[in-house]
Every structure is written in C-alpha cells, then in structure tokens.
Amino acid sequence: MKKDRQNTDSKLQKRAFYSVRALTLSAMLTAMSVVIGIFCKNFLNFGGGLFRITFENLPIIISGIAFGPVVGSLVGIATDLVSYFLSNQIYPPNLIVTFGAALIGFSSGLTGKYLVKSRGYARIIVSGAVAHLVGSVIIKSIGLFQFYGYMVLWRIPLYLVIAPVEIFLICMLYRNRSFRSFIDYNLI
C-alpha cells in the first residue's frame, strides 16, 4: 500500500513537472516566434507588408508537434497578438490572421500527434506542410485580402519557398539529440 502511494505521488510530481515544463517551453517558443516575426517585419519586408520573408511559424509548428494541437494553437494566438502589440501597426489586429496563426499550431499538432502514424521525419514534413497550407496559404491570405486585394496571391509562391525551408530547419533541429531531449520529443 505504501509503495502504491509512492508511485501515485511520483506520477503526480512528474505530471506537474511536465505541465510547468510544457508551459515554460511554450512561452519560450512564443517569445522566439515574436522576435523572429518582429525582425522579419522590420528587415525582410517588401511591398508594404505584402512580400515578407518570415520564419515566425517555425516555433509555432514545433510547439504543435511537441505538445499537441491545443498548446500549438495557443502559442499561435499568443504569438500573433503579442507581436501585434509590440509592432508599430496603426490598424486593429486582424482576427482572421490570428485565427490562421492558431490553425498553424493546431493543424501541426493534430497532424503530428494523431493523423500521421509513422514516427520520424515524415511526421514533421507532413505536419509542417499541412500547417503552412491551412494556416499560412489559405486562412492568413483570406485575412490579408482586405488590405491587399488580389495581390495577396503572391503569398502562394512565396510560401512554396518558405515552407520547405522551415520544414528543413525543423528537421535539422530534431536531428540534434539535445534538442529532442530538451523538447522531450523522440522521433524513434
């Protein structure tokens, strides 16, 4: 009986530690995404915001793959809203774009945790591709249509380049054993 109680206490401590760890890592990934987004808005912005080379979705996709769809979507929402409040934009936040950021985290988490059964890089590649297609190309483009009209269609070829680069970078990060143990995600 004493041994069962110790096992239960140990499991509760691990679960509490994991939730604090997941919260801390999610906050770090949100901060990374905000910094990347603000850097890209200021230095890699062409055509008044229409052509922006950015890798701000990379930490959102990592959070979705590592922690699931709910945490991934929360990281996407937090990233979009915090980067809005830290930028010098004069228009109100575009909630469709915020929804697109949430869908990036949600779809990468849903695909990575539940839809792709094989482990390994296939999970990362499919999760990243689905996240970019749903969140970046479709939903964010719909949200930006009100500002740019049909010029927003230039996002499609832009993300045909950005998405594979981000997916490649995520795969390279997951090749590193230290990163995998830090995120607490095993590919094998």
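**Close-up views of a predicted chain**

**View 1. Glu 166 and its surroundings.** Setting aside neighbours within four places in sequence, Glu 166 is in contact with Thr 54, Phe 55, Glu 56, Asn 57, Leu 58, Ile 61 and His 132, where contact means heavy atoms within 4.5 Å. This is a predicted model, in which local features need pLDDT of at least 70 and side-chain atom pairs count only at pLDDT 80 or more, while totals for chains, interfaces and linings use all residues. Residues are numbered from 1 along each chain as its sequence is written, and side-chain values use heavy atoms, with hydrogens and water left out. Glu 166 has its place in helix H6, residues 155-175; helices (H or I, at least four residues) and strands (E, at least two) are DSSP runs, numbered from the N terminus. Glu 166 is buried yet has no salt bridge. Buried means under 20% relative accessible area, exposed over 50%, and partly exposed in between (1.4 Å probe, protein chains only). A salt bridge needs a side-chain nitrogen of Lys or Arg within 4 Å of a carboxyl oxygen of Asp or Glu. The nearest side chain of opposite charge to Glu 166 is Lys 140, 8.6 Å away; Lys and Arg count as positive and Asp and Glu as negative, with His and the chain ends not counted. Look instead to His 132, whose side chain is joined to that of Glu 166 by a polar contact of 2.5 Å. Such a contact is a pair of N or O atoms within 3.5 Å; within protein, one must be able to donate a hydrogen and the other to accept it, and residues adjacent in sequence count only if both atoms are side-chain atoms.

**View 2. A nonpolar surface patch.** Phe 145, Tyr 150, Leu 153, Ile 156, Leu 160, Val 161, Val 165, Phe 168, Leu 169 and Met 172 make up this patch, with about 980 Å² of accessible area together. Patches are built from residues with over 30% relative accessible area and no salt bridge, joining like charges within 9 Å and nonpolar side chains (Val, Leu, Ile, Met, Phe, Trp, Tyr) within 5 Å. Accessible areas come from the Shrake-Rupley method with a 1.4 Å probe, and for residues only the protein chains shown count as cover. Helix H6 supplies the largest share of the patch, seven residues.

View 3. Ile 156 lies in helix H6 and is partly exposed, at 39% relative accessible area. Leu 160, also in H6, counts as exposed at 62%. Phe 168 is partly exposed at 49%, and its C-alpha is 9.7 Å from that of Tyr 121, 47 residues apart in sequence.

**View 4. Ser 26 in helix H1.** You will find Ser 26 in H1, residues 2-43, buried at 9% relative accessibility. A polar atom of the Ser 26 side chain lies 2.7 Å from the backbone oxygen of Ala 22. Beyond four places in sequence, Ser 26 is in contact with Phe 67, Val 71 and Val 75.

**View 5. Phe 51 in strand E2.** Phe 51 belongs to E2, residues 51-52, and is partly exposed at 27% relative accessibility. Its contacts beyond four places in sequence are Leu 44, Asn 45, Phe 46, Trp 154 and Leu 158. Val 152 is 101 residues from Phe 51 along the chain, yet their C-alpha atoms are separated by 8.8 Å.
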